[in-house]
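Here is a short briefing for a first look at this structure. Keep the sequence and the model open as you read.

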Amino acid sequence: MDLTNLTIKQAHDGLKNKDFTSVDLTKAYLEKIKTENEEINAYLSVAEESALQEAEIADQKIKTGEFGMLCGIPCAIKDAIMVEGQKCTSASKILENYVAPYNATVIERLRAEGAVILGKTNLDEFAMGGSGENSAFGPTKNPHDKTRVAGGSSSGSAAAVAANMACYSLGSDTGGSIRLPSSFCGLAGLKPTYGAVSRYGLIAFGSSLDQIGPITKTVEDAKIVFEAICGKDKMDATSQNYKFQDSKLSLKGLKIGVPKEYFVKGIDPEVEKIIKGAIEKAKAQGAEIVEVSLPSGEFALACYYIIAPAEASANLARFDGIRYGLSEKADNLLDVYRKTKGKGFGSEVKRRIMLGTYTLSSGYYDAYYKKAQEVRALIKQDFAKAFEKVDIIFAPTSPVPAIKIGEKTEDPLSMYLMDIYTVSVNLAGLPGISIPAGKIGELPVGLQIIGKQFEENNILAVAQEMESMLK
């Protein structure tokens, strides 16, 4: 039996039945990382020694017979989430040698469950990108076709799970960064409601948009991880007192909204065919398909690419060469700032900082940032109106399957268009999950299921039913 093929549920059952130990499981993943990672570039660092120690501790807990679903199960963590004592680079030269001094809340919660952390995964620098090519340490390759991107920004987190180098992983989603790579790599990726999961210990990109969530092999696994990490945290004032409860929602009698604006010029015809086929399967199970309108969605990308860079320009001001990370010597303080940031930040990060600083500057704040926040309110209203008619919304995750590495690197605007179906969910603070809906050749295509705020239980219940039909 290849232990790295197992889902969380299967691995848990194997540990329970004493078919293998957590140490066996961890060694199998570490061996897989040794053989696969050099080519795929999913991991930036591997914590072999501490992972085996955690596995030994988990095995002691398992022997008592009292252990949870994640105890002894090896996982990977996006390298923008703090794991105490391990490097946390955010895939940037400016943090190349930075070691996290504390654990993110999600790591504390996984550790409390007895999880085994294999290492830290690659990403677009400071989570800025949709392809995984903006890492200072090289792009992540898609395990389904190594000439193609794994999707971003949580590229390594998705590729690690798709290549069986981790049982599950954590990513973060600011404008689609869990759902896009999950779509491109054929996985289940959940972006929770804003505030459902603590952001404490996540290196901030866009603070009103960022959300940590799981990337897994199945919807059931996503539910297990989400249940472990969600809930109120005193270290994050935006986190909510949220308790997960299973939903009995099923496709029979369900009202599914399909946004008419999402099936227009620009979507790959094969992607459209697969998503519409999935919708038809839901209809055959007794769901009612209702056309809904999200008219403000056409401004979502423009709105996102004003708000996110504005927040990034404020968040990334802390990387100044004085407190932590890279520090370039110079004759005066201003030159320390200039040289450190000039050398430490990549081109996409610089582009977004400049864009954000410009839109927040005197004379432009009202014209751009304030206007974008007004549009954001309209996008929220559109979803609220749609959810008056329907229970849940089905949409494509991406207009295209995984693109070739280097295909859009010279055209940032074209790259940003890959986020067209995902950014609205972040702007509205809603939960969304991407699940595999089919393939174009070897390339997976994701179906996105969007729900009302704090109704992760409903989208997970529907996603699980859809998953069983789409296999």
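The model is predicted: local features need pLDDT of at least 70, side-chain atom pairs count only at pLDDT 80 or more, and totals for chains, interfaces and linings use all residues. Residues are numbered from 1 along each chain as its sequence is written, and side-chain values use heavy atoms, with hydrogens and water left out.

**Backbone points to check**

- Most residues other than glycine have a negative phi, and most peptide bonds are trans.
- F126 has a positive phi, near 50°, and is not a glycine.
- F126 sits in the loop between β3 (116–121) and β4 (141–142). Helices (H or I, at least four residues) and strands (E, at least two) are DSSP runs, numbered from the N terminus.
- N41 is another residue other than glycine with a positive phi, near 65°.
- N41 lies in the loop between α2 and β1 (43–46). N41 counts as buried, at 18% relative accessibility.
- The peptide bond from G152 to S153 is cis, and its omega is near 5°.
- S153 belongs to the loop between β5 (145–149) and α5 (155–162).

**Helix α2**

- Helix α2 covers residues 22–40, which is 19 residues.
- At 1.5 Å a residue α2 should span 27 Å, and its end C-alpha atoms are 25 Å apart, so the two agree. The expected span is 1.5 Å times one less than the number of residues.
- α2 bends by about 40° at K34. The bend is the angle between axes fitted to the seven residues ending there and the seven starting there.
- The buried residues of α2 include V23, L25, Y29, L30, I33 and I40. K32 and N37 are also among them.
- An α-helix has 3.6 residues a turn, so residues three or four places apart point the same way.
- N41, with its positive phi, follows α2.

- Q86 is found in the loop between β2 (74–78) and α4 (105–113).
- Q86 is buried, at 11% relative accessible area.
- Leaving out residues up to four places away in sequence, Q86 touches A47, S50, Y98, V99, A100, I117, G119 and K120 (contact means heavy atoms within 4.5 Å).
- D24 and Q86 are 62 residues apart in sequence, and their C-alpha atoms are 23 Å apart in space.

**Pockets**

- A pocket is found on a 1 Å grid over the protein atoms alone: it is an open set of points where a 1.4 Å probe fits, with protein on both sides within 12 Å along at least five of seven lines. Lining residues have an atom within 4 Å of a point.
- The largest pocket has a volume of about 450 Å³. Its lining has 23 residues, and V264, K265, L417, I420 and Y421 are the closest to its centre.
- That lining divides into 14 nonpolar, 4 polar and 5 charged residues. Ala, Val, Leu, Ile, Met, Phe, Trp, Tyr, Cys and Pro count as nonpolar, Asp, Glu, Lys and Arg as charged, and the others, Gly among them, as polar.
- The second largest pocket has a volume of about 260 Å³. A volume is the space filled by probe spheres set on the points, with grid points joined across faces, edges and corners.
- Of the 13 residues that line the second largest pocket, G186, K217, P436, K439 and K471 lie nearest its centre.
- β12 (432–440) and α15 (456–470) each give two or more residues to this lining. The largest share, 4 residues, comes from β12.

Methods. Buried means under 20% relative accessible area, exposed over 50%, partly exposed in between (1.4 Å probe, protein chains only).
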